[in-house]
Every structure is written in C-alpha cells, then in structure tokens.
Amino acid sequence: MAPEKDLKAILGKLKYSDDAKVVQQITEQTKQVHARMAGIKYKIAVMSGKGGVGKSMTTVNLALAFARQGAKVGLLDVDLNGPCVPRMLGLHGQSLTMTPEGAIPPVGPLGLKVASMDFFLGDASPVRWKGPMDVSPVWLGLMEMNVIREFLADVVWGELDYLLADLPPGAAADKPPVIAGFIPDLAGAIVVTTPSEVASDVVQKSVTYARDMGIKVLGIVENMSEYRCPSCGEVNELFEGNTEAMCEALDLPLLGRVPFDRKLARTFDKGQPLLDETYPTIQRYQEIAGRIRTLLDYKKVLADKL
C-alpha cells in the first residue's frame with residue numbers, strides 16, 4: 001500500500017491528533033485575551049507596509065494625543081525584534097508588575113499604560129529559538145505567534161477608552177494581519193506611509209491583504225510628508241508621490257500629514273518626549289486623533305442604529 005502523502009489524510013488517521021493539547025492551549029489563551037481586553041472601548045492596530053516609515057513614532061504620538069483629549073489610553077508594542085515604544089517614552093528598563101491577577105503595565109507620560117516585548121528582552125539581544133529553524137521556518141513563525149498570544153493573555157489593562165497596538169512592519173501575508181487577528185473586537189487599523197512611490201506600492205498590498213483578513217482599515221496617515229527646518233521653521237517636501245490618489249484608489253480617507261521634525265524626533269530618541277501641545281507638529285497629531293475619534297464615534301452610532 002502506498003504511503004499517505006496528503007497531510008489531511010495523515011492527521012485524520014491519527015488516534016490522538018492533539019496529544020500536546022495545542023488546540024486547547026490556544027483556545028484558553030484566546031479566551032483569556034478576550035477577558036483581559038473586555039474593558040477597552042476601542043482597539044486600534046497601527047500598521048505599515050514598509051519599515052522605516054515612522055510607524056512607532058506615529059503610534060506613540062497618537063496615543064499621547066488621545067490622552068491629551070482626556071481619554072484613558074493603553075499602548076501595546078508587540079514587535080519581538082524591534083520593540084522601541086518604551087525607549088521612546090523613557091520607560092526602557094522598566095517592567096510589567098507580576099501579580100496573582102496578571103501583569104500590570106507600567107505607566108508612562110500623560111498616564112499611558114504601556115506593554116511591550118521590550119520588557120522581557122536584554123539590550124541588543126535578538127530573539128532566538130532553540131529548535132530546527134533551518135529545517136522549518138513555519139515552526140519559527142508558530143513559536144513567535146504563540147509567545148505573542150501568551151503575552152496578550154497575561155496583560156491586565158483594566159478600563160481604557162483606547163488601546164493602540166504598534167504592530168511590526170510587513171505587508172501581504174506577513175505577521176501584522178495575523179497579530180491583529182489576536183485582538184478581539186478590533187475597531188480597525190490605521191496604516192502609516194511616506195509619500196514615496198515605493199512605500200505607496202507596498203501600502204496598497206497591505207491594505208488589500210488586511211481587508212481580505214477581515215480587518216477594517218480606518219484610514220491613512222502620511223508621515224514625513226515634509227521637512228520642517230529646525231532653524232527657521234520653513235517646511236519643504238521630502239519625497240515625491242501622490243498619497244491622495246492612492247487613498248482615492250483604495251477608497252480610504254487621508255487622516256492627516258505629519259512633517260519630518262528633527263527636533264521632535266530627537267526628544268523621543270533620547271527618551272524625553274516633547275509633550276507641548278502648542279508645538280506645531282504635535283498639533284498635527286492632535287488633529288489626526290480628533291478625526292479618528294470622530295470616525296469611530298460615527299461608526300458606533302451607525303452600529304447602534306442597525
């Protein structure tokens with residue numbers, strides 16, 4: 001008799017198809033994540049097709065903008081090898097407080113609750129798995145997803161108005177849409193891009209894939225759209241592109257444009273974030289947060305009427 005070559009046929013003939021109780025473990029973790037996030041009104045994922053477009057900077061400043069509007073805000077950083085949110089907020093070196101109820105996140109500027117993989121990692125240490133990585137990259141991906149799911153199941157958020165999740169960069173069938181799928185009742189995703197044609201091409205793929213995964217994309221934030229001179233304050237273009245045309249093609253609103261601001265970026269690099277709400281670039285983030293808030297409240301009113 002010829003050996004079975006079809007994976008489904010092989011699994012179907014196993015007497016104990018889940019001896020390791022993997023399915024049970026994932027189910028329990030998923031229930032726990034739902035319970036942990038039950039008190040959060042709006043959960044928003046922040047994604048980018050390409051790395052280097054300032055996604056984390058955008059996420060952090062939108063979270064601070066919501067906090068300035070009087071909201072209770074949480075910030076989730078789930079990048080395994082590039083978590084930078086705590087360093088930007090001056091929280092690097094802090095940790096989650098372990099209690100019998102779960103892991104309590106530290107509190108950053110303006111009362112932001114912050115949970116990050118950075119709290120578990122050593123300086124300059126990449127995540128390495130013991131196992132047959134060279135044989136099975138699928139196994140490696142499953143390990144990463146399991147760690148992230150377990151992390152989400154442990155964090156106690158309490159009552160929040162907004163939770164912003166800073167996802168790792170990637171497009172198409174990469175990790176961001178999968179991780180976003182771990183977050184229950186996701187209100188939607190914000191996609192960050194630069195106005196370069198290369199970034200726009202990847203963003204369009206990201207949006208299409210996210211929608212295929214059932215993720216509602218709320219709109220686009222154009223970062224580094226201009227360069228603000230630190231000496232004279234004059235603003236000039238950095239890239240050539242047409243984000244408005246891309247938004248029109250995708251039927252998405254352009255939520256706002258943020259200039260590259262060396263002064264603001266330097267403060268976050270040093271972990272001493274500029275928080276002055278009268279500062280022009282910070283006002284841009286406040287405007288974008290206001291548009292997102294209006295969008296979410298409008299969608300909620302529509303949903304309540306249906």
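This is a predicted model: local features need pLDDT of at least 70, side-chain atom pairs count only at pLDDT 80 or more; totals for chains, interfaces and linings use all residues.
Entry 1: I looked at some of them in detail.

**Entry 2: Asp 166 and Lys 55.** I checked this pair and found their side chains joined in a salt bridge, 2.7 Å from N to O. Where do the two partners sit? Asp 166 is in strand β6 (residues 160–166), and Lys 55 is in helix α3 (residues 55–68). That puts them 111 residues apart, so I noted a link between distant parts of the chain. Buried or exposed? I looked up both Asp 166 and Lys 55, and both are buried.

**Entry 3: Arg 257 and Glu 222.** Next I went to Arg 257, whose side chain meets that of Glu 222 in a salt bridge at 2.9 Å, N to O. Here the link runs between strand β10 (residues 254–261), which holds Arg 257, and strand β8 (residues 217–228), which holds Glu 222. Glu 222 comes out at 3%, so I have it down as buried. Arg 257 has a relative accessible area of 33%, which makes it partly exposed.

**Entry 4: Arg 257 again.** Which other residue does Arg 257 bridge to? I found Glu 244, with the closest N and O atoms 3.6 Å apart. Glu 244 lies in helix α8 (residues 243–250) and Arg 257 in strand β10, so this bridge ties together parts 13 residues apart in sequence. Glu 244 is partly exposed, at 46% relative accessibility.

**Entry 5: putting it together.** I wrote down Glu 222, Glu 244 and Arg 257 as one linked network of salt bridges.

Definitions and conventions:
Residues are numbered from 1 along each chain as its sequence is written. Side-chain values use heavy atoms; hydrogens and water are left out. A salt bridge is a side-chain nitrogen of Lys or Arg within 4 Å of a carboxyl oxygen of Asp or Glu. Helices (H or I, at least four residues) and strands (E, at least two) are DSSP runs, numbered from the N terminus. Buried means under 20% relative accessible area, exposed over 50%, partly exposed in between (1.4 Å probe, protein chains only).
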